[in-house]
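This briefing is meant to be read beside the sequence and the structure, one topic at a time.

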Amino acid sequence: MRKPSNLFNFSGKSLDLSISHVMGILNITPDSFSDGGELMSDTGHVALTKVLQRAETMLVAGAAILDVGGESTRPGAREVSSQEELDRVLPVVEAINNNFDVIISVDTSNPELISQCADSGAGLINDVRALSRDGALSAASNSGLPVCLMHMQGTPGNMQEAPSYADVIDDISNYLASRVKACNDAGIGNDSIILDPGFGFGKTLEHNLELLRRLDELQRLELPVLVGVSRKRMIGTITGREEKDRISGSIAASVIGVMNGARIVRTHDVAETVDALKICNEVLRIS
Ligand code: 7PJ
């Protein structure tokens, strides 16, 4: 029996979240975790032609969403000014929107960018700080866009120093529930919220593994779940591989995430992940 479809509306473009989908990562930064600098020119400007080529490759490979980010959350990364982030991200969102029919997610915590990205064609605000910056909630609410709320313990600068939880799932779901409430109070309804436990953001390897093992418990919040494990340190620690060689490990973790309820997988490696999720989707189709 087929599961009933479950359409989620990304600013006019809908996606059936009864099955899983791939979100391709487009980092417009000189210093991101694993692909920093690839989409910038030698002079530090956005290389739009390269971005559009990468976007097209991801779309042909089956990405449903493209996630555009201009701030590196790598521990110790240089902070970008608000204007610098806008200058990196908005032209890319506009160019993708003008050239392709795809849901564009903007990976940002910056209220200014949150306010402006809808006009450029964004369909989702993806905030690793769960709209906690001053002005972010109201900016998101005013934009009318759906949001992805991610859990992080600490800040990118200190989050890996000594992460600690009473119970990793309870603590994260309590935090996410409090952010959902804050969104609701600001006028963002549950039909516009996606949740993400934030793999690697203030978590030890053991925390990340327990999170993956027990991810289905996040279903208690009754909202779609997104996971991002792509090429992260947890994959490198287990496999002993450098970032570019973590594709198989990342896919294994993503598949576990989807089998435990995740419906969007954020990844650098779209083609490989799309194939893996096709298997998951067929297996999950029979209920
Ligand atoms: C995530 C993200 C994640 C969501 C980054 C990296 C670090 N957004 N942005 N979830 N990670 N929603 O790609 O390794 O896990 S930046």
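This is a predicted model: local features need pLDDT of at least 70, side-chain atom pairs count only at pLDDT 80 or more; totals for chains, interfaces and linings use all residues.

**Helix α9**

- Helix α9 runs over residues 270-285, which makes 16 residues, and it reaches 21 Å from its first C-alpha to its last, a span close to the 22 Å expected at 1.5 Å a residue.
- The residues V270, T273, V274, A276, L277, C280, N281 and L284 are buried in α9, and because they fall within an arc of 165 degrees when seen down the helix axis, they line one face of the helix.
- An α-helix has 3.6 residues a turn, so residues three or four places apart point the same way.
- On the other side of α9, the residues K278 and I279 are exposed.

**The surroundings of the ligand**

- There are 13 residues around the ligand, and those that come nearest are D107, N126, D196, K232 and R266.
- The strands β7 (147-150) and β9 (226-228) each supply at least two residues of the shell around the ligand.
- In the side chain of D196, an N or O atom is 2.5 Å from a nitrogen atom of the ligand, while in the side chain of R266 an N or O atom is 2.8 Å from an oxygen atom of the ligand.
- A polar backbone atom of G228 is 3.4 Å from an oxygen atom of the ligand.
- The ligand would expose 390 Å² if it were taken alone, and the protein buries 97% of that area.

- When the neighbours within four places in sequence are left aside, N110 is in contact with S82, E85, L86 and R133.
- At the start of α3, a side-chain oxygen of N110 reaches to within 2.9 Å of the backbone nitrogen of E112.

**Helix α3**

- Which residues of α3 are buried? They are L113, I114, C117 and S120, and they lie on the same side of α3, because they cover an arc of only 125 degrees around the axis.
- These buried residues of α3 pack against α2 (82-99), β5, β6 (124-127) and α4 (136-143).
- After α3 comes G121, whose phi is positive, near 115 degrees.

**S138, in helix α4**

- S138 is found in helix α4, and with a relative accessible area of 42% it is partly exposed, since that value lies between the 20% limit for buried residues and the 50% limit for exposed ones.
- S138 and H151 are 13 residues apart in sequence, and from C-alpha to C-alpha they are 19 Å apart in space.

How values were computed:
Residues are numbered from 1 along each chain as its sequence is written. Side-chain values use heavy atoms; hydrogens and water are left out. Helices (H or I, at least four residues) and strands (E, at least two) are DSSP runs, numbered from the N terminus. The expected span of a helix is 1.5 Å times one less than its number of residues. Buried means under 20% relative accessible area, exposed over 50%, partly exposed in between (1.4 Å probe, protein chains only). The arc is that of the directions from the helix axis to the C-beta atoms. A residue is near a molecule or strand if one of its heavy atoms lies within 4 Å of it. A polar contact is a pair of N or O atoms within 3.5 Å; within protein, one must be able to donate a hydrogen and the other to accept it, and residues adjacent in sequence count only if both atoms are side-chain atoms. Accessible areas come from the Shrake-Rupley method with a 1.4 Å probe; for residues, only the protein chains shown count as cover. Contact means heavy atoms within 4.5 Å.
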